[in-house]
Amino acid sequence: MLLTVHMSPVEMELLPLLCLCLLSVSGTTFADGNKPKVIKVTEGSDVILPCSTSTEEDVTSERIEWNKDVEKQVFLYEGELLLSGQDQQFTDCVSLYTSELQHGNASIEIKNTKLSDSGDYTCKIGKLQTNQTFPIQLLVVPLIIKVKEGNSVILPCSPRTKEDVKEDHFEWKKDGQKDVLVYKGMEDGTRHQQFRGRVSLFKDELKNGNASIKIRTTTEADSGNYTCEFPDLHETLHILLVVGDKLTSYGSFTFLCFCLLKTSRIKLCKIPR
């Protein structure tokens, strides 16, 4: 089934799903031959992007360069970490296992992944007799939380650094429009009428970077796409909340996967029973 559809701003943000459902159901991977290895991870999780020489020779003194989508520098090592060219997106969230370099392992770990981390990564190890390049496609997908109607649910959120957010500005929204909670050094009371009296923070945890919220007495109307945004940090976390015994509009055995095509159209992939 191929359709051209109009996408809401929230749906546009979910494009990095890239046919995740189809890949999961079919078991398809792209690590064969010269095609990039595909790694899928839920937003907010840590992920290791592998990069190792076939000979396992010591690369401690070699140039190791990680890039995203060709232009963004993720990590550069030349005997030491060089930060001057690192893209702001990866500040303080990427690490290299330096003790493994002697075994040819130049893998990196990205902490607390975001949807914006999805993309094409390359690891280049230079100054070897044969310059080796390792392509990886990272797919970061939203966290899906299911809860029975009438129960309470916690929607997790924290910035990459997980530092104190008591004085920060963050906002929770539903479907890109409804204000669930707005915090600017203190709660300002802004709520859509749907959530008044039912949403709360864990105030004692703000000092630990925990901006999670609790929604009490959930109803099916609470189902939808939630975002937790830190405007000053340029970070946004996405969560799909499903309230009820079935996946509401998604169907219990049917999934709609938003697939970004080169034609800039969106394909809806319907998975059969």
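**Entry 1: Phe 195 and Tyr 226**

I looked up the burial of Phe 195 and Tyr 226 in this predicted model, and both residues are buried. I take buried as under 20% relative accessible area, exposed as over 50%, and partly exposed as in between, with a 1.4 Å probe and protein chains only. I number residues from 1 along each chain as its sequence is written, and my side-chain values use heavy atoms, with hydrogens and water left out. Because the model is predicted, local features need pLDDT of at least 70 and side-chain atom pairs count only at pLDDT 80 or more, whereas totals for chains, interfaces and linings use all residues.

**Entry 2: aromatic pairs**

I counted rings of Phe, Tyr and Trp (its six-membered ring) as paired if their centres lie within 6.5 Å; planes under 30 degrees apart are stacked, over 60 edge-to-face, and the rest tilted. The count comes to four aromatic pairs. Phe 90 and Tyr 121 form one that is edge-to-face, at 6.3 Å centre to centre and 75 degrees between the planes. This pair links distant parts of the chain: Phe 90 is in the loop between strand 4 and strand 5, Tyr 121 is in strand 7, and they are 31 residues apart. Phe 90 and Tyr 121 are buried.

I then returned to Phe 195 and Tyr 226, which form an edge-to-face pair with 6.3 Å between the centres and 75 degrees between the planes. Phe 195 lies in the loop between strand 12 (178–184) and strand 13 (199–201), and Tyr 226 lies in strand 15 (residues 224–230), 31 residues apart. I also noted one aromatic cluster formed by Phe 170, Tyr 183 and Phe 230.

**Entry 3: nonpolar cores**

For a nonpolar core I used a set of buried Ala, Val, Leu, Ile, Met, Phe, Trp, Tyr and Cys residues joined through side-chain atoms within 4.5 Å. The largest has 27 residues, and Leu 49, Trp 66, Tyr 121 and Leu 138 have the most contacts inside it. Among the elements that each supply at least two residues of this core are strand 1 (37–42), strand 4 (72–78) and strand 7 (119–125). Strand 8 gives the most, with four residues.

A second, separate core of 25 residues includes Val 165, Phe 170, Phe 195 and Ala 211.

I listed the contacts of Leu 49 (heavy atoms within 4.5 Å), leaving aside neighbours within four places in sequence; they include Ile 39, Trp 66, Ile 108, Tyr 121 and Leu 138.

**Entry 4: Gln 73**

Is Gln 73 buried or exposed? Gln 73, in strand 4, counts as buried because its relative accessibility is 13%. Beyond four places in sequence, its contacts include Trp 66, Gly 85, Gln 86 and Phe 90. The side chain of Gln 73 reaches the backbone nitrogen of Gln 86 at 3.3 Å.

Thr 53 lies in the loop between strand 2 (47–49) and strand 3 (63–68), and is buried, with a relative accessible area of 5%. Its side chain reaches the backbone nitrogen of Glu 56 at 3.1 Å.

Asp 69 lies in the loop between strand 3 and strand 4 and is partly exposed, with a relative accessible area of 35%. A polar contact of 2.9 Å joins the side chains of Asp 69 and Lys 68. Such a contact is a pair of N or O atoms within 3.5 Å; within protein, one must be able to donate a hydrogen and the other to accept it, and residues adjacent in sequence count only if both atoms are side-chain atoms. Asp 69 also touches Ser 118, Gly 119 and Asp 120, not counting residues up to four places away.

**Entry 5: whole chain and confidence**

The chain has two helices and 18 strands, taken as DSSP runs numbered from the N terminus (helices H or I, at least four residues; strands E, at least two). Buried residues make up 44% of its 273 residues.

The mean pLDDT (the predictor's confidence in each residue, from 0 to 100) is 79, and 75% of residues reach 70 or more. pLDDT stays under 50 over residues 1–33 and over residues 248–273. Where pLDDT is low, the predicted coordinates should not be read in detail.
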